[in-house]
Amino acid sequence: MRQVDRPSLFLESDSPGGLPKVLPRLAAAVLLALGLGLSAAPAAAQDAAAARLFQEAARKAEAGDFGAALDEYRLLVRQFPRDTLAPRALLGIVDLYRATGDERGARGALDTLLTDYARTIEAASGFLVQGEMAVSAASGPADLQEARAEFRRVPLLFGTTAYPDLEARARARVRSAEVGLLLGDPEGAKAELVAAVEDEPPSPWTGRARLLLGRTLLDSGDWVAGLEILQRLADSGALDPDSAESTSPIVTETDRAQARHLLSLAHRHRLRPAAGQKRWTDTERFPQGVALRSPSGVAASLENGQVLVVDDRQGLVVLAPSGGGPAQTRQLEDPVRPGFYRDVPYVVTDDKILLPFDGQRLSFLEPRTGKARDLDDLRAAVRGPFGDWFLLAKGWKSLLHFTGPRTGQELLGTLRPDPVDLTSDPLGRVVLLDARNDRVIRMGLGRRAQQTLVQGDWRRPQALAIDGLGQIYVLDRGEKQVFIYGPEGRPITTVGPQLGGGIVLSAPVDIAVDSSGRLYIADSKLPFVAVLD
Amino acid sequence: MHTHHDLRPAPLAAAGAAPRRLPFCRVASNLGPVSRLALLLATLGLLLPAIVAPPLAVAQTLPQIEEEDLDESQTPIAEVTDPGIDLGQVQQLFDEAEAVFQSADQPASLPLFGRVVDLLESLRLTRGLDPAARDLLVRSLSYRGQVQFNLGMTELVDASLRQMLEVNSDADLDRDLVSPKLATQFDRLRKSLVGEITFILDPPDAEVRVDGEVVDALSGPVGVLTGLRTLLVSRPGHGSIERQLEVTGGSGVSLDLVLPRESAVLRLNTRPQETEVRVDGQVVGSTGGVAPEGFLPEGAAAVYRRDEFSDELVVEGVDPGLKVLEVVREGYRTYRAELQIVDLLDYQMPPIVLEPESGKIQLDDFPPGAEILIDGEPRVPDVAGTTRPQVTLPPGEYHLTVTSGAARMFSTHLRVADRQTVPVRVRLRPGLTFLGVLGADRSSARTVDQTLRRTMAESSKWTLVNRAEEGPRLLAPLGLDAAGMRALEASSPSAPQIDWRAVQAEADRRAPGLVYVLAVLDNDLVASEATLWIWPAAPGPPRPEKVRVPVGDPASYAEVRGMFERTVPLRRPFIGALVIDSDAVPHPVVADVAPASPAAEAGLAVGDQILGIAGITVTTRSELEARIVASESGELIQLAVQAAGGPARTVDLRLGASPWVMSQRDPGLLDAVAYPELVLLEEKTPREQRWLVQLDRALVLLRAGEHEAAVRSLRDIRAPQRSHGVNQATVDYWLGLALWRVGPEFRDAARQALERAAQVPGARLDHDDEAWVAPRAAARLEALAGGG
């Protein structure tokens, strides 16, 4: 298993909003790599003293001495206001304020940057930061609209003719498109993505734009054009997937991997049926080399091909590659349901959320006033688009939303649903399965509005999954079947109870879909997880 | 009666003597044309020894001579420093004195003549006088004597006349002008001071010197001042006679002298002057001076002027026998001749012309109308109007450039050796003009300069024109200096505003090429990287592109060369199917088949796996594409295919030919390089494919922000009218974008163009197997509608 950055369990300061899950980390990497960050050596300082100040500030910031770094940056701006490093120092100040949680200080420095250095390329980065701050603080569509407006300023103020090589513009277009998709504006998003792909110099952001454009075209039914773009992205600079040398530096491996996943899903769900083939042609048993007694939950990462299985009778957690390979196991008390945030596995237990391979844990206070005790009887949990947590717990006929371990609230309480499972869609929006009303609901960005995606007729809906194409999978424990719907709720097909290979479902409890569309079904009466491939 | 034999300039026949044929004369085989001509002339008897005089044996009649030991004190030696006298001024002073003499105030001329006399005497004692100056002194003394005579200064008259005779013992007064009394006084004085000697010489043209001064012994008796005089009679090829003779005033003696013949003599003039002459390898003299009036170059030498030849060099001491004569001068081919010297005679060589050493450059495949530059200077070929002109050059190293307009150049460095013809095949290529390196780190600048030039010199596609010396000087007035360029690269607020159109114009005018490269070091002290600023000549877009290279990393420069080597292909094979990879299967899968395409005709269907091509298994779409791209349009390829759930089968697919639009964002392709290449490409592209080149050019302009120029180009393009692939809808798409970017007043026109593009669902953006136009056009329309 490759090393990954361990995100904190709660709201992450580096997260611009948990949209497509790779983005926050990518954004940070690009910020440093492309000169917007603070560690890069100054290129054209007019004054050697300014350059020394800048380097000293960057060194101190890197060493974690934020206060001293702030002083150096401030001194630079004060002493050398006309130096090319002054606006970069202001960006450094903004970053430091944000790192220390001082939003007000960050906004002050941004104002100075955008007022006094309005035509510098750092100002373009300033608008980007302003947009990211707005996304982080967003609590609904209006806030996102505001954030999008900040992003949109960059291409308007920093056009391609005057600033042909400005990478911040491509990033702004992509971020604006991402927010636009969240806001339900795929056409506007496509316009921005096409501009990013065609009008901007190549960068990781143009690669990202191609991924989003391909996906958006698939979503809007323009399959062939979408697949063509995704295939080109998957091919970018990589004739041999195992060769590090052949990977294009301007397309991230994550974007290429996601493109491959979408292509695989399209093949399975589009091309095979068109050719009269079944979506899944084989049935396999998972994991290999680990004996299960009663699997109670399964989850699949869309990023790294890992699958997490929970066996509540044994108190066992198994992490293994979807295509086969050595598994890792952990013993846990009362494991209920597994999940992934980005590519990091977590397990919902009776009263907390655990990173079983990292040791971190998180518990929540009951949201109702006056009961200062930890929430228990948890059923499922998923992280939302803004880094917040959504939980289901027995006895709570509502969706519980936590923006902090102690700041929770009930959603959907008035509808009296019976939510039994929840997950997130490709854009990070929360979707839950309401067993009482036989429906799948997607939460609006404002937390209160919701949209019914699927109205079913199930006997005992138990689990929910959504794949990279937005297709919805509902496990009906009563029918011992998996019902599959298109993103718009149209029934597509069903699976079970006969799975092939002599496997028959008897007590299915959980489902998951991996990046290539394999369907995992955990059945408590089977000593393995059934995999449809 | 004295016999005078004029040795020059005429051939000896003119001297009345029978020409003598050189019995044997062989010229070394390496002689040039002129020398060969001399050989021919020699063979024909025209290269003749001069017979100076018949070997008369005349008995010497010695005068009465009282021999005395020479007394050194009698030698008029004066310690006079060179007064630095200007003879022109002396002549001027004389003219003034003469004018005064002829005026009413004749006595006033006395001091003037005195001054002239003093000056010339001073000169005579220091460095001697030439005949003209000597004559001027004599005339001055004559005038002075006349004035003194007229003033009754009898004693002074005698002094002047005496001095006059001392200067020239043959001097005389103009008896028509002077007083008879003065003439009588002069004659009396002369008689007391001058004796006469009559020389009868054999050979008659022997040179006679009296006290070292050459006298004319041929014209009659020679006046000699009284006293003990030293006579020296000599002639080349003869023994000399030296005698001392006491001359008394009014006496007349006759000397009959016969000089014994001792050796043969060669007489020669050379072109050029100042050559070294060798006989049998021994240096026997050097030619110099200028051939005198009367010298007439003849034969092959007649094409040259007299003053291009040296004065005659007389080589004596030549023994009879076979002799090798060599005339040598650096930069010229050595003249070499073998001479058979039979008799002890004088041999007059015909004028010897040394040919300059030279080689030739022969230019093969020389295009009509092209210009030749040798080391930057225009040069007319030896014979113009041929496809294989030659240029003759002295031996050395040269930088040869052939240009046919600014668009095509050929440049090479070559070495020319004497008598060598260097064949050079002219391959005109686009000119890449290197304008030098900006930045004060001289060591790094040198490294960049040398590495870049060395690397680009290996280009098979471009001709590097090195203008590194003058480039920075040309560009400085336009604001292109190291600091400014760095600020520009860093998008610094202090960056200068550069008018790149003016830069283009200046470079086009002063250092023409198709593409320009200027290197800027990142640091003036210790540079580690250089940024190469690259821009095309007009009408290419006036926008530079930048490539950064480590100062001393040849591999990076080779990558840059690779960017210049890239070609702009116009066609590529296509199959007409969208093939994708899927993790669910081990081989690429057909996702879409275009109607009436090669794939459709071959029977490919959606869901088919492509197992292999031409017998080679493929596991990814890019492997398949690589095979297809490596094939030729029209080629029949075999695909191993497996339909869903069916058996594997083999299909034959004939590859189609698709237009190939230059990639929009190919990081390895520089617009600055592509544009001029497209200009050249358009000329040699068949008419039916030119629209594609025009589209590529328009796209370069569009990327460079030259929106109006892009619109003008795009509007004229007529692409094939077809429903699928790259077609007119592709052009409309880019036209719509270009119009949009020109300004808001063209938004309607932009929308119409984009709408036309959006309505052709089969249209592709850059290749018949690749990106679709319609969804992009729809997205652009959306942005247009949203005011983007």
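In chain A, the axes of helix H6 (residues 121–136) and helix H7 (residues 141–157) come within 8 Å and cross at roughly 170 degrees. Axes here are lines fitted to C-alpha atoms, for helices over the stretch in contact, with angles running from 0 to 180 degrees between N-to-C directions. H6(A) is therefore roughly antiparallel to H7(A), a term for angles over 145 degrees, whereas those under 35 count as roughly parallel, those from 65 to 115 as roughly perpendicular and the rest as oblique. Helices (H or I, at least four residues) and strands (E, at least two) are DSSP runs, numbered from the N terminus.

H6(A) contributes residues including A:Phe127, A:Leu128 and A:Val135 to this contact, and H7(A) contributes, among them, A:Leu144, A:Phe151 and A:Val154; two residues are in contact if their C-beta atoms, placed from the backbone, lie within 7 Å. By class, the contact of H6(A) with H7(A) comprises nine nonpolar, two polar and four charged residues. Nonpolar denotes Ala, Val, Leu, Ile, Met, Phe, Trp, Tyr, Cys and Pro, charged denotes Asp, Glu, Lys and Arg, and polar covers the others, Gly among them.

The model is predicted: local features need pLDDT of at least 70, side-chain atom pairs count only at pLDDT 80 or more, and totals for chains, interfaces and linings use all residues. Residues are numbered from 1 along each chain as its sequence is written, while chains are lettered from A and ligands numbered from 1 in the order in which they are written.

Chain A also holds an open, antiparallel sheet of four strands in the order S14-S15-S16-S17. Strands S14 (419–424) and S17 (450–455) of chain A are at the edges with a single partner strand each, so one side of each lacks a neighbour in the sheet. From one strand to the next, the twist averages 25 degrees. S14(A) pairs with strand S15 (residues 430–434) of chain A over five bridges, pairing requiring at least two DSSP bridges between strands. A:Pro419 stands opposite A:Asp434 in S15(A).

Between chains, 40 residues of chain A are in contact with 39 residues of chain B. Helices H9 (186–199), H11 (223–235) and H12 (253–274) of chain A each give two or more residues to chain A's side, and H12(A) gives the most, with eight. That side has 18 nonpolar, twelve polar and ten charged residues.

The axes of H9(A) and helix H19 (residues 774–785) of chain B come within 8 Å and cross at roughly 110 degrees; the two helices are therefore roughly perpendicular. Among the residues that meet are A:Glu187 and A:Lys190 in H9(A) and B:Arg776 and B:Glu782 in H19(B). This contact has five nonpolar, one polar and five charged residues.
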